[in-house]
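Subject: Structure handover

Hello,

Here is the structure I promised to pass on. Please open it and keep it on screen while you read my notes.

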Amino acid sequence: MDLQFFNTMDRKVVPFQPIDAKLVRMYTCGPTVYNFAHIGNFRAYMFEDLLRRTLEYFGYPVRQVMNLTDVDDKTIRDSRAARLPLREFTAKYKQAFFEDLKTLNIEPAEIYPAATDHIPQMIRLISVLMEKGFAYQAEDKSIYFSIDKFPDYGKLAKIDRENQRSGVRIKNDEYAKDSVADFALWKAWDENDGDVAWDSPWGKGRPGWHIECSAMSSEYLGDQFDIHTGGIDNMFPHHEDEIAQSEAASGKTWVNYWLHCAHLMVNGEKMSKSLGNFFTLRDLQQKGWKGREIRWVLIGAHYRKKLNFTFEALEQARETLGRFDEFFQRMREIAKTGDGTEISKNVAGAEQAFAAAMGDDLNISEALAAMFDLQRAANRLADAGELTAAGGAEVLAAFRKFDRIIGCFEVDAVKTEEFPAEVTALAEARIEARKAKNFAESDRLRDEIAGLGFIVEDIPGGKYRLKTLSK
């Protein structure tokens, strides 16, 4: 089965063909470590995790590089405000980021290069651009990339260069989305940088944001690689600037596939602190939400569509995952003998539909539908007493495969819940009443248990399962 993705450069879905069939090389724009990452950031990291897991599901080994931006305007500004050395200030947020990745069950990249550890590589790249005439030193002593020297500038964002102003320079790392201007590769030191500076052939200073990604990607993935990902907000100017400086230096097509995810909204609005809808992952954890519940919500919409994050969606995620937990437990408890052929066609169909959906530009909605179809089919057979233990095992095996991408299930976790001794005693008494065929007493005990806020379900082997009514 083939993979295809929407390539932003082409503005269409195209077949995926890696440069090397034995290894897919992928670069993802990582966090700027000046604060805790927020759920908008994690929408992008979750999309990239689904992409990575899908590539692996289809048999492609992946070498993923995700940078850590630990020197830029924001990190310098906030480290100075905190009166801490830059490295000490960013260390806290680097550690928090890795903890958050574990919470959300995001597979780790192979390499997490920090910008401050790769200054020599950046200086070398800028030197090449200077030698080739693509960069120049301005009156402020900073080094800028001349976009007029690179005719293909704007090809990713589809910018019409005609009638655009030329000769305008922008030193800031981030700038207006409609600004087409020469951008800083190396920023000459000024007093706002404090003690953050490195020596270079052009004087003391520090790298611009865009050159960091180009230097670190080429260091670990080469001058050409397969996939570059990020949020749609990074397409211009960040990714456009990366393309210009990388291809100007190497003379080669830098990246073959560009994949971008859409914005995350909160309650239908853009996330902002002023609206009170700005949340870090830790904010949600403090409210009692689990990582897998948050993950379920963040993967719930196709990556190229805006995702509306709500607390109602988190509640639905908790209920849905709870039902899956019960479903997996039910599959484990099936005792009927047989070869499992009663469910085999459903399993094969669900696995095929799941793979086809994820291979079609990560069509998560269709993939989830395939899983729910299998769940319903298995439950119907179990309700009718037709599902065998072998069939239940087949279903569980399929969900283990699905979870290689979904990453939210706990297929083999045995869920235990503490129940009041009084309720357990009533449930045991009910079992004895049923054994004695005293069904009137059995029904009375069932109602008494329900009156205490619990429900008792009979399962094969003369056993029972207790659940709280709220679930």
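Helix H1 gives the most to the lining of the largest pocket: five residues. This is a predicted model, so please treat every value below as computed from it. H1 covers residues 39-57. Other elements supply at least two lining residues each, among them helices H3 (86-103), H5 (209-221) and H6 (235-250).

How much space lies in the largest pocket? About 1,200 Å³. The lining has 46 residues, and the closest to the pocket centre are His-38, Gly-40, Asn-41, Lys-74 and Asp-233. Find those five on your screen to locate the centre. By class, the lining holds 22 nonpolar, 13 polar and eleven charged residues.

Now the aromatic rings. The structure holds 37 aromatic pairs. Take Phe-97 and Phe-98: their ring centres are 5.8 Å apart, and their planes meet at 55°. Why is this pair called tilted? Pairs count as stacked under 30 degrees and as edge-to-face over 60. The angle here is 55°, so the pair is tilted. Are these two residues buried or exposed? Phe-97 is buried, at 3% relative accessibility. Phe-98 is partly exposed, at 27%.

Phe-399 and Phe-402 make an edge-to-face pair. Their centres are 5.2 Å apart, with 80° between the planes. Both residues sit in helix H12 (residues 389-406). They are three residues apart there, so about one helical turn separates them. Phe-399 is buried, with a relative accessible area of 0%. Phe-402 is buried too, at 0% relative accessibility. The cut-off for buried is under 20%.

Phe-399 and Phe-402 also belong to one aromatic cluster.

Last, look at two charges over rings. Arg-169 lies over the face of Tyr-144, at 5.6 Å from the ring centre. Lys-204 lies over the face of Trp-189, at 4.7 Å from the ring centre.

Best wishes

Terms used
Residues are numbered from 1 along each chain as its sequence is written. This is a predicted model: local features need pLDDT of at least 70, side-chain atom pairs count only at pLDDT 80 or more; totals for chains, interfaces and linings use all residues. Side-chain values use heavy atoms; hydrogens and water are left out. On a 1 Å grid over the protein atoms alone, a cavity is a set of points where a 1.4 Å probe fits but cannot get out, and a pocket is an open set with protein on both sides within 12 Å along at least five of seven lines; lining residues have an atom within 4 Å of a point. Grid points are joined across faces, edges and corners, and a volume is the space filled by probe spheres set on the points. Helices (H or I, at least four residues) and strands (E, at least two) are DSSP runs, numbered from the N terminus. Ala, Val, Leu, Ile, Met, Phe, Trp, Tyr, Cys and Pro count as nonpolar, Asp, Glu, Lys and Arg as charged, and the others, Gly among them, as polar. Rings of Phe, Tyr and Trp (its six-membered ring) pair if their centres lie within 6.5 Å; planes under 30 degrees apart count as stacked, over 60 as edge-to-face and the rest as tilted. Buried means under 20% relative accessible area, exposed over 50%, partly exposed in between (1.4 Å probe, protein chains only). A charge sits over a ring if NZ of Lys or CZ of Arg is within 6 Å of the ring centre and within 35 degrees of the ring normal.
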